[in-house]
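Student: Please take a close look at the nonpolar core and at the strands around that part.

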Amino acid sequence: GRAVAPPEITWTDACVSVTLPGRSRGRIWVDAATYDVLRMDDRLVGMFEFDVPREHVRRGAAPSMVIERAESSIRYKRVEFQEPHETLMLPAAIDTLTVIRGGGIQRVRITQRFSDYRRFLTAGRIVN
């Protein structure tokens, strides 16, 4: 099999960030005529359990946490800009769901919608 990087678990105060390389699977929808990416889905394969460091275990909380579910879906749409004319595929919506167990079950669903895109053009120069 291929080498997979180990999980990265980073604590900042009472917040934890978990990166799980190679532990997700996904699907991509592509327009057959234009090759534009229309949608990307990603989900955690299986569950992931990790220990909570002693200094972060709150009274009555479990000494470990389990990520039971983590999934996301990004849908794209064509957005046209003028002066100069340009059409780009940009996110229209991002939906995420995370279910974590550890001293209780926490479900977090985030829905983001994007509209009214604006483009700005600017100039730059290199100074030696």
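Tutor: Seven residues make up the largest nonpolar core: Leu20, Leu44, Phe48, Phe50, Val52, Met65 and Ile67. Such a core is a set of buried Ala, Val, Leu, Ile, Met, Phe, Trp, Tyr and Cys residues joined through side-chain atoms within 4.5 Å; buried means under 20% relative accessible area, with a 1.4 Å probe and protein chains only. Two or more of the core residues come from each of strand E5 (48-51) and strand E6 (64-81), strands being DSSP runs of at least two residues, numbered from the N terminus. This is a predicted model, where local features need pLDDT of at least 70 and side-chain atom pairs count only at pLDDT 80 or more, while totals for chains, interfaces and linings use all residues. Residues are numbered from 1 along each chain as its sequence is written, and side-chain values use heavy atoms, leaving out hydrogens and water.

A search of the whole structure finds one aromatic pair.

Val52 has contacts (heavy atoms within 4.5 Å) with Trp11, Val57, Ala62, Pro63, Ser64 and Met65, leaving aside residues up to four places away in sequence.

E6 also pairs with strand E7 (residues 86-101), antiparallel, over 15 bridges; two strands pair if DSSP finds at least two bridges between them. Met89 in E7 is the bridge partner of Arg78. Four residues lie between the strands in this E6 and E7 hairpin, where Glu83 takes a positive phi near 50°.

Key:
Buried < 20%, exposed > 50% of the residue type's maximum accessible area, 1.4 Å probe, protein only. Phe/Tyr/Trp six-rings, centres within 6.5 Å; stacked < 30°, edge-to-face > 60°.
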